[in-house]
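Here are my notes on the ligand site, for you to check against the model.

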Amino acid sequence: MAEARIIDGKAFAAKLLLQITGDVSAMPVQPGLAVVLVGDDPASRVYVRNKAKTTVEVGMRSFEHRLPAETSQVELLALIAGLNEDRAVHGILVQLPLPAHLDSAAVIAAIDPDKDVDGLHVINAGRLAAGLPGLVPCTPLGCLLLLKDELGDMSGLNAVVLGRSNLVGKPIAQLLLAENCTVTMAHSRTKNLPEICRGADILIAAVGRPEMVRGDWIKPGATVIDVGINRVPAEAGKTKLVGDVAFGEALGVAGRITPVPGGVGPMTIACLLQNTLTAAKRIEGARK
Ligand SMILES: NC(=O)c1ccc[n+]([C@@H]2O[C@H](COP(=O)([O-])OP(=O)(O)OC[C@H]3O[C@@H](n4cnc5c(N)ncnc54)[C@H](OP(=O)(O)O)[C@@H]3O)[C@@H](O)[C@H]2O)c1
């Protein structure tokens, strides 16, 4: 059997960003994205910097709010309330995780659902489950866009989603159900995991366990989307990133597969800006 086709998420994300740039330039109002960072977690600082840079590159306004680690819940909620009211802000993202003394659920609940570009508000989870227009979490949206581009119509395909987090597994399962896939959700209590995975035409791995999915778990010709990002020890005391799928083994069995890095990862920021564009169009449309 021929080697699997590698799905180039980096190239797709670059194309999507170009398209967003064109759409932004055609809008009468410049979309704005506010990103809130509390504390100085180094990884979060890098994410926020990259988000702000890409926001400006597509022609949107970027509002960065960096707050000290000791910021109180009341202060953070006051900032969110202000951003909810701010007409120049169409998207609000609070970088997670928040310092332990802050209540993340209450903070997310305070964001106007129509500006919730991370798609984490329960109203948006409910809209997704009910098939209503809302804002979908960025990584699942990225997976869906890649799958649609590769497969087109997914009606009737068997999809197995490994992982059931609110951030990744559950929204992906809802999106695939809306595409008329027959969806199985698997998790840490699932029995006969390899056998269930072997039934998948589309296999989504979002577990956070390095290379857990082996080549013989994959149906020949299946499309494999590897959401996992795991840092593992490499040669000479270095580290490297691997996914939740044993990529080398999967290459010989799958029909298509996303690499790690360069697969789903680059889609996440692009989808954040896609969501900001969607939010801006809806908010400005409703103001007319
Ligand atoms: N590409 C991106 O931009 C991006 C974005 C977000 C996340 N990620 C990556 O995606 C992965 C998943 O993220 P997450 O936030 O969804 O993680 P999470 O909240 O830790 O959820 C992991 C899920 O995997 C399941 N699981 C864990 N061990 C398992 C096992 N041995 N067998 C079967 N299922 C198992 C868990 O089951 P239970 O529910 O039963 O515990 C849980 O539902 C991580 O590697 C993360 O770094 C990537």
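1. In the side chain of Arg 164, an N or O atom comes 2.7 Å from a ligand oxygen, which I list as a polar contact (a pair of N or O atoms within 3.5 Å). Arg 209 also takes part through its side chain, with an N or O atom 3.1 Å from a ligand nitrogen. Val 227 uses its backbone instead: an N or O atom there is 3.4 Å from a ligand oxygen. On its own the ligand exposes 930 Å², and the protein buries 70% of that (Shrake-Rupley areas, 1.4 Å probe).

2. Before you go further: this is a predicted model, where local features need pLDDT of at least 70 and side-chain atom pairs pLDDT 80 or more, while totals for chains, interfaces and linings use all residues. Numbering runs from 1 along each chain as its sequence is written, and side-chain values use heavy atoms, with hydrogens and water left out.

3. How many residues surround the ligand? There are 21, and the closest include Arg 164, Ser 188 and Thr 268 (a heavy atom within 4 Å counts as near). By class, this shell has 9 nonpolar, 10 polar and 2 charged residues.

4. The ligand sits in the largest pocket (more than half of its atoms lie within 2 Å of the grid points). That pocket has a volume of about 1,500 Å³. H2 gives the largest share of its lining, 7 residues.

Conventions
A polar contact is a pair of N or O atoms within 3.5 Å; within protein, one must be able to donate a hydrogen and the other to accept it, and residues adjacent in sequence count only if both atoms are side-chain atoms. On a 1 Å grid over the protein atoms alone, a cavity is a set of points where a 1.4 Å probe fits but cannot get out, and a pocket is an open set with protein on both sides within 12 Å along at least five of seven lines; lining residues have an atom within 4 Å of a point. Ala, Val, Leu, Ile, Met, Phe, Trp, Tyr, Cys and Pro count as nonpolar, Asp, Glu, Lys and Arg as charged, and the others, Gly among them, as polar. Grid points are joined across faces, edges and corners, and a volume is the space filled by probe spheres set on the points. Helices (H or I, at least four residues) and strands (E, at least two) are DSSP runs, numbered from the N terminus.
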